[in-house]
Amino acid sequence: MASDDIDRSTRLALYRSQVEIRLLEKRAYDLFLQNLVKGTSHLSLGQEAVAAGFATAMRPDDYTYCTYRGHSHTLARGAPMVGVLGELMGRRCGLMGGKGGSMHLTSVPHGVMGSYAIVGAHLPVAAGAAWSAQLRGSGQVAVCFFGDGTCNIGAFHEALNFAAVWKLPVIFACENNQYMEYTPIRSVTAVQHPAADRAAAYGLERIIVDGNDADAVYRKARESIEKARGGGGPSLIEAMTYRTSGHSRADPAKYRPPGELEEWTKRDPIALYRARLLELGFDEGDLRAVDSAVQRAVDEATEGAKASPPPALEVISRDLWADGGSSWRN
Amino acid sequence: MDVVMPQLGETVKEGTVTAWHKKPGEKVLAGERLFEVTTDKVDTEVPAPASGVLAQIFVAEGDTVPVGARLALIEEEAGAAAAEGSRLSPVVRKLLDEHGLDPAQIRGTGAEGRITRRDVLERLERHKAPADEPRRMALSKIRKRTAEQMALSWRTIPHVLQAVEVDFHAVDQARGALTYLPFVAVAVCKALAEFPAVNATFEGDSLLLHPRVNLGIAVDLGAEGLIVPVVKDAAQKKLPELARAIQALAEKARASRLVPDDLTEATYTISNSGRFGTLLTAPIINPPQVAILSTDAVVKKPVVVGDAVVVRPVGVLAQSFDHRAFDGAYSAAFLRRLKQILESENWSAALASRDAEGA
Amino acid sequence: MAELTYREAVAAGIAQEMERDERVVFLGEDVAAAGGVFKTTIGLLEKFGPRRVRDTPISEQAIVGAAMGAAMTGLRPIAEIMFSDFFAVCWDMIANEIAKARYMCAGQLTLPLVIRTANGSGSRFGAQHSQSVENWAMAVPGLKVVAPSTPADVKGLLAAAVRDPDPVIFFEHKGLYATKGEVPDGEYVDQLGTAKVLRQGSDATIVALAAMVPRALQAAQRLEQEGISATVVDLRSLVPLDTRTLLAETKKTGRLYTVEENPRLCGWGAEIASIVAEEAFYDLDGPIVRITTPHVPLPAADALEDNTVPTVERIVETIRRTAG
């Protein structure tokens with residue numbers, strides 16, 4: 001184990017954050033099966049450590065950019081649970097009042113500058129936010145989360161090169177969960193590690209981290225964020241992880257080879273972290289207290305979201321323009 | 001395409017063709033005036049539903065048929081209208097209609113002899129008389145109809161005019177933003193209850209005394225003429241509802257959205273000239289009604305109350321009545337009662353009241 | 001007043017806004033050190049320095065994406081896409097991301113950015129560097145669309161676009177870069193969503209955009225000699241659209257013609273024609289006629305290119321033939 005550069009309260013925060021994500025995503029899954037969550041939903045079950053690790057290392061005014069698999073990152077930055085569930089359920093209390101849906105969770109007050117549904121689209125956008133921070137001298141950084149599949153799309157290449165040339169304070173964090181939707185990433189990528197093996201192409205360090213170890217993620221996140229904040233430029237980090245649910249909806253993920261899920265479940269990030277905390281002398285009762293408190297919070301948020309009405313129809317024509325309207329003529 | 005007898009009112013079951021404007025074999029344009037119908041007391045012009053040739057007429061002028069009955073047949077020709085460049089563009093149609101022009105009188109200089117907007121505007125310009133010569137102005141449809149009815153009324157009904165001067169003080173105290181008209185209307189309904197012969201219509205040589213008051217309210221459409229929409233069963237309405245009903249009808253009239261049902265079965269008419277500032281008007285009765293009331297300007301005047309001279313809002317109510325239906329004494333009594341109601345009714349209470357349905 | 005070329009007016013407009021507001025920044029390919037491939041941004045790097053005026057790699061998605069990220073975090077970026085044809089390369093950023101971000105997050109984000117580009121034909125560059133794609137932008141809800149025809153309008157509308165809190169796609173016409181015109185001195189800001197009536201007539205109303213505007217004016221002069229008096233309206237903005245002027249000017253003459261450089265199908269004139277047919281039907285003295293480039297890619301040879309896009313002759317002939 002690394003020397004204890006992570007204090008107790010940070011570890012508790014890391015633990016709590018992962019549990020929040022786990023319990024909320026499970027609830028989202030149940031609600032989806034009850035047809036209360038409509039459309040589609042991409043869950044981060046099994047990938048909690050990445051979101052928790054980075055968010056805990058970020059400053060409140062840092063920027064998060066994530067994909068349609070973004071509930072975890074949105075929650076980890078502190079967005080309210082009822083807002084997340086409400087948005088998934090298309091209710092008025094949703095973070096965006098039902099306008100965006102599961103794939104576009106946004107909470108600017110918490111630094112979540114959008115969840116993006118077109119693969120790769122947000123990488124250049126994150127670079128732009130980093131450029132803005134750099135130009136304004138604010139010390140803010142942008143952390144951009146994306147999947148292994150994103151590494152093969154054009155915008156990835158453009159954004160990485162752009163960020164490297166301009167030395168922008170942006171961390172590109174690839175959550176390699178082994179699958180590009182339903183296809184194993186290895187079978188469609190020219191290199192073994194879709195992100196890390198391309199870092200050299202942009203003059204960047206090859207960084208691979210155990211994405212199921214919250215401490216490891218936290219340390220690497222802290223290091224790269226500090227580097228960026230200090231003017232050291234961008235980083236490309238590949239976090240190895242696994243999603244225990246399907247790509248989306250009720251995808252039973254039959255494309256997994258037998259035994260793979262079981263292997264990765266042994267490395268469940270929360271189970272691992274729990275064990276470590278107990279080893280480090282944390283009280284089991286405290287941990288269970290966190291679990292109960294989070295469950296209560298998820299339950300409350302669920303009831304709150306269920307009680308919230310659908311959005312008023314008049315929002316259909318609102319907020320296209322900065323003046324709040326959508327008129328194109330006089 | 002069949003031309004059928006239209007339904008010109010909810011309760012109308014049949015109609016009489018009074019005039020055909022086209023002969024069999026003549027070309028017809030969709031929207032052009034094709035025939036006229038009378039139902040009960042409403043006369044309506046009906047446009048052709050399609051363009052083509054009027055192939056056959058099945059119902060002659062003067063015949064009465066049920067609603068929906070086949071009146072004529074138009075053989076549609078896709079190119080019929082195009083044939084001699086008689087295609088009229090939307091703006092040309094609009095201008096022709098507005099100025100009462102006949103396209104046949106205008107030479108078309110457009111492609112294939114088409115009448116263009118410029119052609120119509122130039123014709124209007126050419127026929128605009130120089131300033132020192134008299135200018136001919138065609139009468140609009142509504143004005144023509146009004147003219148005919150006025151003449152008929154004057155010719156057949158022996159009109160007598162009687163007037164009373166009314167102190168509108170009590171009304172003024174209560175009315176707030178409302179005009180005097182709804183108050184007069186309420187008072188008229190009450191007075192008519194006591195003088196049934198005034199709320200009557202002529203049928204042959206008897207008077208039909210009506211239990212309900214269908215109040216016609218004359219609306220001035222400016223250059224277009226006069227129209228009299230009817231508030232049905234006005235006596236059953238409390239003052240606020242009656243005020244609203246009158247307002248709604250007036251708006252409908254000005255927006256040209258009145259339907260035939262709005263114009264039928266009046267038993268008494270009020271002609272409100274108040275805003276023109278006149279002292280007295282001798283209105284013309286709408287047959288088969290037997291009377292009509294004119295309300296003129298209400299102005300502050302010195303009046304004697306008790307032995308003192310005070311300033312009061314005063315207006316003249318003048319009724320023209322049909323001397324065949326009743327005599328001067330009866331009419332005068334009606335007017336006196338009307339005056340009394342206006343001057344002594346509890347108008348605040350009337351304003352606060354609601355109809356049975358809680359309107 | 002000073003006489004500027006259309007391209008000088010671009011630099012003047014950007015400079016005016018960058019001077020006024022330090023949050024305005026500018027990025028694009030070859031825009032800084034080289035002053036732009038069309039020489040539209042000469043002097044900006046010297047004046048405002050390398051922090052605010054930046055050259056980028058050939059990365060349209062990164063350019064426009066970065067503009068989006070910067071706009072949502074406190075800057076007011078102007079991004080250049082060298083040829084409007086290249087919008088196809090970064091169309092996801094423009095149509096899916098920039099146009100929709102504010103709506104999808106219910107107003108949490110605002111994107112005060114301008115994407116300026118060189119649009120239009122006449123340079124013999126061939127089909128992939130000569131298109132007029134303003135109608136593409138018009139078709140996506142969430143984008144404002146501007147296309148000036150004169151140097152004064154370039155400066156004034158660019159200033160207005162930069163000051164607008166919403167994404168504006170600013171279509172310069174590469175064929176007009178060398179044209180000259182009077183531009184007001186000092187701070188000059190025009191208004192988006194306003195068309196200009198350049199010439200008043202009584203028989204026909206011609207609505208045109210960008211490089212088609214001078215052609216419409218020339219056609220109107222020739223038609224006048226033949227007894228057809230035409231109004232010419234420079235539309236200037238597709239979104240917001242000045243429907244009030246369009247309807248009023250069409251009602252005055254009863255005839256509407258559009259002159260469009262974009263290819264026929266779903267060109268901007270189709271929308272204008274639809275609006276006028278619906279809302280001014282009873283004032284029309286004849287069918288609405290669109291004069292457009294035919295529905296083909298643009299050929300490269302000068303003799304071909306010049307006769308594909310509407311010419312003054314074609315405008316005159318069409319109106320003469322159909323005005324009766």
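Guide: Two residues are in contact if their C-beta atoms, placed from the backbone, lie within 7 Å. By that criterion, eight residues of chain C are in contact with ten residues of chain B, and the residues on this side of chain C divide into three nonpolar, three polar and two charged. The classes are nonpolar for Ala, Val, Leu, Ile, Met, Phe, Trp, Tyr, Cys and Pro, charged for Asp, Glu, Lys and Arg, and polar for the others, Gly among them. The model is a predicted one, in which local features need pLDDT of at least 70 and side-chain atom pairs count only at pLDDT 80 or more, while totals for chains, interfaces and linings use all residues. Residues are numbered from 1 along each chain as its sequence is written, and chains are lettered from A and ligands numbered from 1 in the order in which they are written.

Visitor: Which of the two pairs of chains in contact shares the most contacts, and how do you know whether chains A and B touch?

Guide: Chains A and C share the most contacts of the two pairs, with 42 residues of chain C in contact with 38 residues of chain A. Helix 3 (60-71) of chain C gives the largest share of its side, eight residues, and by class that side has 21 nonpolar, 14 polar and seven charged residues. No contact joins chain A and chain B, and their closest C-alpha atoms lie 24 Å apart.

Visitor: What makes C:E22 buried, exposed or something in between?

Guide: A residue is buried if 20 or more other C-beta atoms lie within 10 Å of its own, exposed if 12 or fewer, and partly exposed in between, with C-beta atoms placed from the backbone. C:E22 has 13 C-beta neighbours inside 10 Å and therefore counts as partly exposed. C:E22 sits in the loop between helix 1 (6-20) and strand 2 (24-28) of chain C, and its C-alpha atom is separated by 8.6 Å from that of C:R52, 30 residues apart along the chain.

Visitor: How do you know what span to expect of helix 7 of chain B?

Guide: The expected span is 1.5 Å times one less than the number of residues. Helix 7 (residues 328-344) of chain B has 17 residues and reaches 24 Å from its first C-alpha to its last, close to the 24 Å expected.

Visitor: What puts the buried residues of helix 7 of chain B on one side or on several?

Guide: The buried residues are B:S331, B:F334, B:L335, B:L338, B:I341 and B:L342. They cover an arc of only 120° around the axis, so they lie on the same side of helix 7 of chain B; the arc is that of the directions from the helix axis to the C-beta atoms. On the other side of this helix, B:A329, B:R336 and B:S344 are exposed. The buried residues pack against strand 9 (159-167), helix 4 (169-175), helix 5 (181-194) and strand 18 (308-322) of chain B.

Visitor: Why are strands 5 and 7 of chain B called edge strands?

Guide: Two strands pair if DSSP finds at least two bridges between them. Four strands of chain B form an open, antiparallel sheet in the order 5-4-2-7, and strand 5 (42-47) and strand 7 (64-66) each pair on one side only, which makes them the edges.

Note on methods:
Helices (H or I, at least four residues) and strands (E, at least two) are DSSP runs, numbered from the N terminus.
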